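Good morning, and thank you for coming. Please look at the structure on the screen while I go through one of its strands and the neighbours of that strand.

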Amino acid sequence: MVAALELYLDPVATRRIRVLWDALEAEGVQSLRSLLEQRHRPHVSLAVAPRFDPEQVAAALAGFTVAAPLRLSFQHAGQFVGRVLWLGPAPTAELLAHHRRVYDRLAAAGIALHEHYHPGRWIPHCTLSMRVPNTLMAAAVRRCLEVLPLEATIASAALTDHAHNISHPLP
């Protein structure tokens, strides 16, 4: 099981990424649209852990606005080991500071995050596909480049576990 604290994008950016998901599917690349009965929304994850206790997370983040109206400017496509394809926003000082504040609050509450979501290791990204076949990577990246740059604003946030159809909205 994997749980995440997800930041959701404004409707225009969400629509553009959903169109990109469709374009990737047309190329034969399974996008997040078709995973887990279409439970995914375009997002940037601030924190990931094997599991979260929603009450513990809510207490750790009490009085804090997780869904701060940050501006994101997606400028590049990237790939993680395992053929994970994503779009990356420019890592602005504001975005990195917001991530640090969330991390610090969760860590102070004893909530352990996956090491890739620690400050200094976190790479802000919006996942598009979890496993792009090697033979289709060039076509998939070409599709990504067609939508860049993509401007977005954070519109909302939630604590999620998509495998178990769990989503708890956060302020």
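I begin with two terms: helices (H or I, at least four residues) and strands (E, at least two) are DSSP runs, numbered from the N terminus, and two strands pair if DSSP finds at least two bridges between them. The model is predicted, so local features need pLDDT of at least 70 and side-chain atom pairs count only at pLDDT 80 or more, while totals for chains, interfaces and linings use all residues. Residues are numbered from 1 along each chain as its sequence is written, and side-chain values use heavy atoms, with hydrogens and water left out.

Strands β3 and β4 form a hairpin with 3 residues between them. In the turn, G82 has a positive phi of about 95°. The two strands run antiparallel and are joined by 6 bridges; V84 in β4 is the bridge partner of F80.

How many residues of strand β4 are buried (under 20% relative accessible area, with exposed over 50% and partly exposed in between; 1.4 Å probe, protein chains only)? The count is 6 of 6. In a regular strand, side chains alternate between the two faces of the sheet. Here V84, W86 and G88 lie on one side and L85, L87 and P89 on the other, and both faces are covered.

Strand β5 runs antiparallel to β4, with 3 bridges between them, and C126 in β5 is the bridge partner of L87. T127 also belongs to β5. T127 counts as buried because its relative accessible area is 13%. Beyond its neighbours within four places in sequence, T127 is in contact (heavy atoms within 4.5 Å) with W21, L32, H43, V84, L85 and W86.
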